[in-house]
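I opened a new notebook page for this structure.

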Amino acid sequence: MSEESLWRRMTRGTTRLRQSSTWERFAGPGWADRILDLDVSDRFHAKQGRTTARAVFTANGETLAVYLKRHYVLPRWLGWLTALWPARNWSPAFQEWDHLQWARAAGLPAPRPVAAGEFLAPWGRLQSFLAVEELADMLSLHEAVPEAAARLDAATFLRWKRGLIAEMARICREMHRRRRFHKDLYLCHFFIPRSELTRPPDNWRGRVFLIDFHRLKRQPLLWFLGQLKDLAQLLYSSEVAGVTDRDRLYFWRVYRGDRSFGVLRRLILFKGRRYRRHNERRRAAELRQRQAA
């Protein structure tokens, strides 16, 4: 980039956009000027300068449901880096777009990103947004597993879990084999179709989706630490109705294949217990705060 263009980015800011071929038809002309101010309240969640909400757009009798992730307050240094090296995609929106595209290209079922934007104001004030297509009529596993347990007889439920667990292990193994680590690998980030709650499908391949790739990281050197974190998070979050120690052992056997990983297994168990204790302390502190209020 020329010195003049850098100065212009620093003093006047710039906007960079990405979009699918159909996005503007649903969002309408000039959508970038209003996307950060769009009033959406469905499944709204706000935390630390960012929000997530479900938005539904209509056009010519068709609908497009997306989850909008909007980042209103980002560190100033990210803005400076965006001005200096804009092609590096410093914003969380563009980074997650790239991560989702990588996952889909690698054959890992993931939601489709449909639009993203970086809004750089003068002197490094950066905001961004990402729109990800909703996984229609799908349910997260921390809800789906207890519901399937209530609907299916014991033998069918066991068969249902075995196929599901094998596919989850395959997804994790394929991701980790490429030295990519999710960094937020909780059970609630796996989704399956609601239609699969009443019967085991013949093949789970392509039926289990993984979401929230914002923290995905390539870790070619310290890959062991990424693997440990992912599997410990999944172990901790598996403590839901319908999941047994037998299921966890089956996941581990499928995941490791013919490899040993003896030390890794012990470290995963240790770190999983740490996650549990940490969250128990946090919940206890939140309860004390509510009682004192």
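**Salt bridges**

I searched the whole structure and found 21 salt bridges. For each, I required a side-chain nitrogen of Lys or Arg within 4 Å of a carboxyl oxygen of Asp or Glu. I am working on a predicted model, where local features need pLDDT of at least 70, side-chain atom pairs count only at pLDDT 80 or more, and totals for chains, interfaces and linings use all residues. Residues are numbered from 1 along each chain as its sequence is written, and side-chain values use heavy atoms, with hydrogens and water left out.

I looked up Arg-18 next. Its side chain meets that of Asp-98 in a salt bridge, 2.9 Å from N to O. Arg-18 lies in strand S1 (residues 14–19) and Asp-98 in helix H4 (residues 92–105), so the pair ties together parts 80 residues apart in sequence. I took helices (H or I, at least four residues) and strands (E, at least two) as DSSP runs, numbered from the N terminus.

Are the two partners buried or exposed? Arg-18 is buried, at 19% relative accessible area. Asp-98 counts as partly exposed, at 31%. My cut-offs were under 20% for buried, over 50% for exposed and partly exposed in between (1.4 Å probe, protein chains only).

**Helix H6**

I then went to helix H6. Arg-170 forms a salt bridge with Glu-167, with the closest N and O atoms 2.9 Å apart. Both residues lie in helix H6, 3 residues apart, about one turn of the helix. Both Arg-170 and Glu-167 are buried.

Glu-174 and Arg-177 also meet in a salt bridge, 2.9 Å from N to O. This pair lies in helix H6 too, 3 residues apart. Glu-174 is buried at 19%, whereas Arg-177 is exposed at 52%.

I noted one network as well: salt bridges link Asp-42, Arg-43, Arg-54 and Glu-134.

**A pocket**

How much space lies in the second largest pocket? I read about 570 Å³. A pocket here is an open set of points on a 1 Å grid over the protein atoms alone, where a 1.4 Å probe fits, with protein on both sides within 12 Å along at least five of seven lines; lining residues have an atom within 4 Å of a point. The volume is the space filled by probe spheres set on the points.

Of its 25 lining residues, the closest to the centre are Leu-235, Ser-238, Arg-248, Leu-249 and Phe-251. Elements giving two or more residues to the lining include helix H6 (154–177) and helix H8 (245–256).
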